[in-house]
Amino acid sequence: MLLSVENLEVKYGNIQALHGITFHVKEGEIVTLIGANGAGKTTTLYSIARLPPPEAPRVVGGEIRLRGDSILKTAPHVIVDQLKLALVPEGRRIFGNLTVLENLELATYARKDAEGIKLDYQKVFDLFPRLAERKKQRSESLSGGEQQMLAVGRAIMTGCNFLLLDEPSMGLAPLLKYEMFRTLKKLNQEGLTLLLVEQNANLALHLAHRGYVLDTGTIVAEGTGEQLLGNPEVKKAYLGG
Ligand code: ATP
């Protein structure tokens with residue numbers, strides 16, 4: 001098992017955001033977490049990536065294991081550099097005053113495999129030709145969609161093989177949304193495992209092998225993408241009837 005989350009309970013201050021959720025991700029899968037605003041999707045990803053305060057939610061119960069070992073006491077940089085798990089946060093948190101190339105370069109700081117880095121640049125520019133055309137451009141002047149691409153590109157440049165993606169299609173025009181999902185599929189086919197948080201349940205369930213439905217901090221349904229797409233309650237609540 002690549003990731004297993006067991007009875008995870010998480011709080012912000014006194015407010016409980018996750019009420020004992022259990023799910024897993026196997027090597028090579030695309031797994032999606034869907035749910036309404038405030039369901040706890042971002043909180044779940046932040047808990048796994050072990051983000052430092054002030055954003056970090058506080059784990060008050062349960063366990064998170066990566067390849068069998070608990071990561072509850074593991075530092076975030078160790079998770080990225082050694083355990084090869086990277087978070088692609090929502091809202092394109094890229095460094096706006098740096099160029100596209102500088103943003104990508106920064107993600108390689110802990111890597112020593114020059115050849116691998118070279119191949120990964122190639123991969124990013126093949127996947128996102130728009131970024132290749134804009135290497136020297138300051139990132140804050142990129143369009144929303146291009147910034148989203150850069151956020152994914154940056155995660156690829158870390159050399160990680162397990163990506164947690166927080167709404168990668170957020171704010172993208174429909175055509176770019178499809179393009180982003182096609183890119184995610186390609187990344188998966190090239191061997192990356194993806195845990196994808198999405199508001200666009202329809203697209204996410206079509207892409208993912210399996211999915212979980214979160215509702216106010218509790219998992220209320222799970223199954224293959226196909227099963228969830230056909231589940232009448234999921235249809236009614238998340239797929240527009
Ligand atoms: P969205 O799709 O709107 O991003 P989400 O499913 O990702 O929603 P979370 O952002 O994980 O939901 O939020 C889960 C709950 O935790 C919400 O009730 C939210 O208000 C609360 N919460 C999130 N971040 C914090 C914080 N820093 N401090 C206090 N409460 C928070």
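Start with helix α2. With five residues, α2 gives the most to the lining of the largest pocket.

Some ground rules. This is a predicted model, where local features need pLDDT of at least 70, side-chain atom pairs count only at pLDDT 80 or more, and totals for chains, interfaces and linings use all residues. Residues are numbered from 1 along each chain as its sequence is written, and side-chain values use heavy atoms, with hydrogens and water left out.

Back to the pocket. Its space is about 720 Å³. A pocket is an open set of points on a 1 Å grid over the protein atoms alone, with protein on both sides within 12 Å along at least five of seven lines; a cavity is a set where a 1.4 Å probe fits but cannot get out; lining residues have an atom within 4 Å of a point. Points are joined across faces, edges and corners, and volume is the space filled by probe spheres set on them.

The largest pocket has 29 lining residues, and L51, V80, L87, R154 and T158 are the closest to its centre. α1 (41-49), α2 (76-81), β6 (85-88) and α6 (144-157) each supply at least two lining residues. Where does the largest pocket lie? Domain 1 (1-81 + 161-241) and domain 2 (85-159) both contribute to its lining, so it lies between them. Those bounds come from an automatic or database domain assignment.

Now α1. Eight of its nine residues are buried, so α1 is largely enclosed by the rest of the structure. Buried means under 20% relative accessible area (1.4 Å probe, protein chains only). After α1 comes R50, with a positive phi near 55°.

Next, the cavity. There is one of 30 Å³ or more. The largest cavity holds about 40 Å³. Its lining is F128, M149, L172, L176, E179, M180 and T183. Helix α7 (residues 174-189) gives the largest share, four residues.

Last, the cores. A nonpolar core is a set of buried Ala, Val, Leu, Ile, Met, Phe, Trp, Tyr and Cys residues joined through side-chain atoms within 4.5 Å. The largest has 46 residues, and L104, V124, L131, V152, L163 and L165 have the most contacts inside it. α6 provides the largest share of this core, seven residues. Another core, of 29 residues, lies apart from it, including L2, L33, A49 and Y212.

Definitions and conventions
Buried < 20%, exposed > 50% of the residue type's maximum accessible area, 1.4 Å probe, protein only.
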